Amino acid sequence: MHTEILTAAHNFYDTGTTRRLSERRRALGHLYAALQKHKKGLLGALQLDLGKSPFESYETELGLLLQDIGHTVKNMRQWAAPQPQPMPFLHYPSKSCVTPEPLGTVLIIAPWNYPLLLTLQPLVAAIAAGNCAVVKPSEYAPHTARALKKLLADCLPAGWVQVVCGGVEETQALLDLPFDHIFFTGSTRVGKLVMEKASRHLTPVTLELGGKSPCIVEKSADIPLAARRIVWGKFLNAGQTCVAPDYLLVQRQVLPRLLREVARAIERFYGSDPLHSPDLARVVNARHFDRLAGYLLKEEVLLGGDCDRAALKIAPTLVRATESSPTMEDEIFGPILPVQVFDTLDDAISFTRRYPKPLALYLFTRRHDVRRRVLAACPFGGGCVNDTIIHLTSPLLPFGGVGASGMGQYHGRAGFDTFSHYKAVVQKGCWLDIPFRYPPYRHKLGLL
Ligand code: NAD
């Protein structure tokens with residue numbers, strides 16, 4: 001199954017079109033124009049799939065994508081340029097060069113939570129680096145998947161990029177094929193399956209996974225500011241964000257004030273009845289709603305807690321947690337934020353280190369020594385001091401996990417590198433052939 005898709009990609013790759021930088025730029029230009037032209041339809045599809053307000057979808061998906069394409073088009077000539085390197089004198093006369101080459105045909109598997117951005121941002125990097133791509137959007141964001149399939153078919157040559165819609169069965173069939181690279185964004189559980197399947201063809205993988213990302217609020221922090229930025233970053237897309245703060249670690253002295261300020265920020269952003277706010281996205285489906293609502297039956301609710309199953313909405317909610325709380329077992333991926341207190345910074349650091357390495361870490365503090373200690377002691381993919389989420393908005397910063405939160409990076413130059421092979425070639429002169437390296441070796445070791 002699907003072998004014809006790979007054949008079509010190979011045939012297109014063999015035309016040499018993707019090897020030409022001018023064609024790659026043209027393709028990205030067409031994609032940019034198509035995204036602008038179909039902006040309304042795409043934002044509408046995201047609203048149907050996740051109940052996101054069009055502003056939020058632009059802020060967190062379409063706007064970032066357009067920025068990434070602009071940055072890539074502006075810089076890809078430099079990224080793709082051959083890099084001449086000096087050679088050791090021993091090899092005189094010679095010169096060497098490292099040239100980024102496309103990998104070939106790559107598979108991109110996307111999740112449902114930012115279905116536009118997380119499907120197309122890796123694709124932009126794959127095209128910039130000269131690859132053909134097969135794209136598998138998530139079946140849980142069907143409106144966006146359909147809109148993407150049509151958009152890509154309209155703006156790019158068939159064979160360069162192909163979209164396969166479907167669920168587990170289709171993805172598994174694709175994973176049986178010998179792609180040159182697999183770029184997977186999704187859960188750690190499925191990431192392991194992807195890597196296992198990829199190993200059969202020795203296909204390299206980039207895994208963009210999730211995890212429990214801590215958010216530490218130290219007593220010197222600007223508490224009202226911290227509250228606003230935590231509420232924004234956590235309840236964006238109803239908490240269904242891979243880098244959302246998964247749990248709060250708050251220094252005991254500032255907990256009451258932080259809770260007051262968080263309540264104030266929630267009311268300011270979503271009104272006194274958040275379940276009816278058009279700015280609060282919904283949970284993706286009933287299965288996830290039931291999983292999340294189940295937490296509320298087991299935990300002490302500090303703030304919020306209202307749910308509407310028919311609308312798949314859960315109000316922004318804070319719960320009191322201990323290490324053994326159900327909310328501290330797995331990534332929450334919804335609008336529920338467990339809160340724990342700590343007394344010393346060492347306690348907070350050692351707490352975060354009990355979990356697998358997270359995708360993100362956030363720290364709110366005004367003290368440099370606290371910042372230095374936490375950043376040095378805690379492994380994590382990327383993060384912010386005195387903010388949440390925004391580290392992924394810069395195309396100049398590589399984005400990716402570490403350990404259980406993933407492997408490999410993308411965004412801007414890092415994405416180009418992920419989809420390139422750096423081919424190193426020495427070109428040797430023929431007019432001189434120093435015999436020192438050849439046998440017989442006899443006493444040559446003594447000369448070194
Ligand atoms: P998921 O792993 O369930 O699905 C991701 C993709 O894999 C989908 O396209 C799906 O069709 C496919 N898939 C699902 N089960 C499969 C199986 N058994 N075999 C083969 N393919 C399968 O993830 P999700 O629920 O769509 O997304 C949520 C997860 O993704 C969270 O853990 C989140 O943290 C993570 N995530 C990570 C990033 C990141 O950039 N690191 C971004 C977004 C989401």
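Predicted model: local features only at pLDDT ≥ 70, side-chain atom pairs only at ≥ 80, totals over all residues.

**Entry 1, one of the annotated residues.** I started at Cys242, which, leaving aside its neighbours within four places in sequence, is in contact with Gly210 and Leu359. For contact I used C-beta atoms, placed from the backbone, that lie within 7 Å of each other. Cys242 sits in the loop between helix 9 (223-235) and strand 9 (247-251). Helices here are DSSP runs of H or I with at least four residues, strands are runs of E with at least two, and both are numbered from the N terminus. I noted Cys242 as buried because 28 other C-beta atoms lie within 10 Å. The cut-offs, with C-beta atoms placed from the backbone: buried takes 20 or more other C-beta atoms within 10 Å of a residue's own, exposed 12 or fewer, and partly exposed is in between.

I number residues from 1 along each chain as its sequence is written.

Which residues does UniProt list under "active site"? The unreviewed entry places that feature at Glu208 and Cys242. They span 35 residues in sequence, yet no two of their C-alpha atoms are more than 9.1 Å apart, so they gather at one spot. UniProt positions follow the numbering used here, feature names are shortened, and annotations may be inferred rather than shown by experiment.

I then looked at Glu208, which belongs to strand 7 (residues 205-208). Glu208 counts as buried because it has 27 C-beta neighbours inside 10 Å. Not counting residues up to four places away in sequence, Glu208 touches Phe184, Thr185, Gly400, Gly401 and Gly406.

I found 27 residues around the ligand, and Pro111, Gly186, Val190, Gly210 and Cys242 come nearest. Near here asks for a C-beta atom, placed from the backbone, within 6 Å. Helix 7 (168-175) and helix 8 (188-199) each supply at least two residues of this shell, and the largest share, three residues, comes from helix 7. By class I got 12 nonpolar, 11 polar and four charged residues. The classes are Ala, Val, Leu, Ile, Met, Phe, Trp, Tyr, Cys and Pro as nonpolar, Asp, Glu, Lys and Arg as charged, and the others, Gly among them, as polar.

I counted 14 helices and 18 strands in the protein chain. Its radius of gyration is 25 Å, close to the 22 Å that the globule rule gives for 448 residues, so the chain is as compact as a globular protein of that length. That radius is taken over C-alpha atoms, and the rule is 2.2 Å times the number of residues to the power 0.38. Along the principal axes, the C-alpha atoms fill a box of roughly 80 × 60 × 35 Å. Buried residues make up 45% of the 448. Of the contacts with a separation of 6 or more, 68% come from residues 24 or more positions apart.

UniProt's unreviewed entry also puts "domain: Aldehyde dehydrogenase" at residues 5-425. Over that range I read 42% helix and 19% strand, with the end C-alpha atoms 33 Å apart.

Is helix 5 mostly covered or uncovered? It is mostly covered, as 12 of its 12 residues are buried. Helix 5 (residues 117-128) reaches 16 Å from its first C-alpha to its last, close to the 16 Å expected. The expected span is 1.5 Å times one less than the number of residues. Just after helix 5, Gly130 takes a positive phi of about 95°.

Most residues other than glycine have a negative phi, and most peptide bonds are trans. His411 has a positive phi near 90°, and it is in the loop between strand 17 (406-407) and helix 14 (413-418). Leu312 has a positive phi near 55°; I marked Leu312 as partly exposed because 19 other C-beta atoms lie within 10 Å. I also logged a cis peptide bond from Tyr92 to Pro93, with omega near 0°, and a cis bond joining Pro439 and Pro440, with omega about 0°.

Definitions and conventions:
Contact = placed C-beta atoms within 7 Å.
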